[in-house]
Amino acid sequence: MGSVVFKNVVKNFGALNVLRSLDLAVPDHKFLALLGPSGCGKTTALRILAGLDMPTAGKVFIGERDVTRLQPRDRDIAMVFQSYALYPQMTVAENIGYPLWIRGTSEAERKAKIGEVAAILEIGHLLDRRPRQLSGGQRQRVALARAIVRDPAAFLMDEPLSNLDARLRLTMRGEIKRLCQRLSATTIYVTHDQVEALTMADLVAVMHGGDLQQMAPPIDIYDRPANRFVATFVGNPPMNILPAALSEQGVMVAASIVPLEQTRLTACRLAGIVEIGLRPEDCSVAQPGEPGALPGEIYVVEPMGNETLVNVRLEGGNVSVRAGRDFRGAVGESIGVTFDPANACFFNSAGLTAVHRVNNNGRVK
Ligand code: ATP
């Protein structure tokens, strides 16, 4: 296996600057999710790593090797595409064995290896079928089997689950995670789905507009987002953001003053914060007029089965609150919203997180 490094990688398509200067280092054996909205340059970065596109400037390393100018076949990587890209005229066994065949591996060795990976992916009973005789999930497994059949230095996966229905996506998400842990393979996984990124990866790299916004373990991306973009892109519903101003005693949010502990107050003052960020699960609904509660009005109530999402209109903007499954309330009713400011983060005028939530070893609730 090998580490993967992008060094100042720039990519232009004509006048379009897709990657500005990508610096990214994925340690050996780690699973990195490259996460970002459509068009942010994720696939372009992956294609450059695979050798399918050339960077306009910069270098790419796999292990110790500078692979920037190498042909795809010389890079020792395996790629799994969104479309699976199976050969329709070949059987499942031939599809899986193809990367070994083009390397001139003997038939006996090929057969043994195909049997081995087919067993790992539980597709041994499908080896004689053609791709058209398989379900979407089975095709996906064949594509994965073909990728792992020879031990490459790195696996590259481009939205491999996006053609599957929601239930199968959930199953395969767990399967791919287990597979990558078992193989301990360096994996770069492109997705625009933040749940996939958070649940599967050791490290998440969030991209936006051709720039890397933050690279960190999933819990840090969630709890300590580097900026407003990461804070709102990750999390569903997204983090609530409201205008905030400082007073002597605390922070003024939605026309109320929320007391802030002195060191945080000083940090916010020095940083010149202009907004507060609150996760929906760090907010609670309260009786209207309850001391300390921000006064608001119910805008939407969404029962989710296990919980209720309550959208509340406050002065300065709406906030989502995760309430209990037994929450009852009607649109337009007065309601209060409370939160512990230790769980809030604060943004400066450049949109950077100037003061993070208080670190309390993971989630508060
Ligand atoms: P998605 O999730 O939609 O696949 P992405 O983040 O993977 O998005 P890319 O496919 O890397 O985005 O594309 C980034 C930008 O580069 C887009 O604006 C796209 O239109 C443009 N682009 C990609 N490939 C080419 C190409 N060969 N020629 C011109 N423009 C391209």
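This is a predicted model: local features need pLDDT of at least 70, side-chain atom pairs count only at pLDDT 80 or more; totals for chains, interfaces and linings use all residues.
Reply: A polar contact is a pair of N or O atoms within 3.5 Å.

Me: Which residue places a polar side-chain atom 3.0 Å from an oxygen atom of the ligand?

Reply: That residue is lysine 42, whose polar side-chain atom lies 3.0 Å from a ligand oxygen. Threonine 44 also takes part through its side chain, with an N or O atom 2.5 Å from an oxygen atom of the ligand. Glycine 41 contributes through its backbone instead: a polar backbone atom there is 3.0 Å from a ligand oxygen. As for cover, the ligand taken alone exposes 630 Å², and the protein buries 57% of that.

Me: Which residues are around the ligand, and how are they divided by class?

Reply: The shell includes the run Pro37, Ser38, Gly39, Cys40, Gly41, Lys42, Thr43 and Thr44. Phe13, Leu16, Val18 and Glu159 are also around the ligand. By class, five residues of the shell are nonpolar, five are polar and two are charged.

Me: Which secondary structure elements each supply at least two residues of that shell?

Reply: They are strand E2, residues 16-26, and helix H1, residues 42-50. The largest share, three residues, comes from H1.

Me: Where does a cis peptide bond occur?

Reply: As a general rule, most peptide bonds are trans. Here a cis peptide bond joins asparagine 236 and proline 237, with omega at about 0°. Proline 237 belongs to the loop between helix H8 (228-233) and strand E11 (240-246).

Me: How should I read the packing of two helices, and at what angle do H4 and H5 cross?

Reply: One reads the angle between the N-to-C directions of the axes, and angles under 35 degrees count as roughly parallel. The axes of helix H4 (residues 136-148) and helix H5 (residues 166-183) come within 11 Å and cross at roughly 15°. H4 and H5 are therefore roughly parallel to each other, and their crossing is right-handed.

Me: How do the axes of H2 and H4 cross?

Reply: The axes of helix H2 (residues 92-101) and H4 come within 7 Å, crossing at roughly 30°. H2 is therefore roughly parallel to H4. The crossing in which H2 passes H4 is right-handed.

Me: At what angle do H2 and H3 pack?

Reply: H2 and helix H3 (residues 107-120) pack at about 125°, and their axes are 10 Å apart. These two helices, H2 and H3, are therefore oblique to each other. The crossing of H2 and H3 is right-handed.

Methods. Residues are numbered from 1 along each chain as its sequence is written. Side-chain values use heavy atoms; hydrogens and water are left out. A residue is near a molecule or strand if one of its heavy atoms lies within 4 Å of it. A polar contact is a pair of N or O atoms within 3.5 Å; within protein, one must be able to donate a hydrogen and the other to accept it, and residues adjacent in sequence count only if both atoms are side-chain atoms. Accessible areas come from the Shrake-Rupley method with a 1.4 Å probe; for residues, only the protein chains shown count as cover. Helices (H or I, at least four residues) and strands (E, at least two) are DSSP runs, numbered from the N terminus. Ala, Val, Leu, Ile, Met, Phe, Trp, Tyr, Cys and Pro count as nonpolar, Asp, Glu, Lys and Arg as charged, and the others, Gly among them, as polar. Axes are lines fitted to C-alpha atoms, for helices over the stretch in contact, and angles run from 0 to 180 degrees between N-to-C directions. Angles under 35 degrees count as roughly parallel, over 145 as roughly antiparallel, 65 to 115 as roughly perpendicular and the rest as oblique. A crossing is left-handed if the near helix is turned anticlockwise from the far one by less than a right angle, and right-handed if clockwise.
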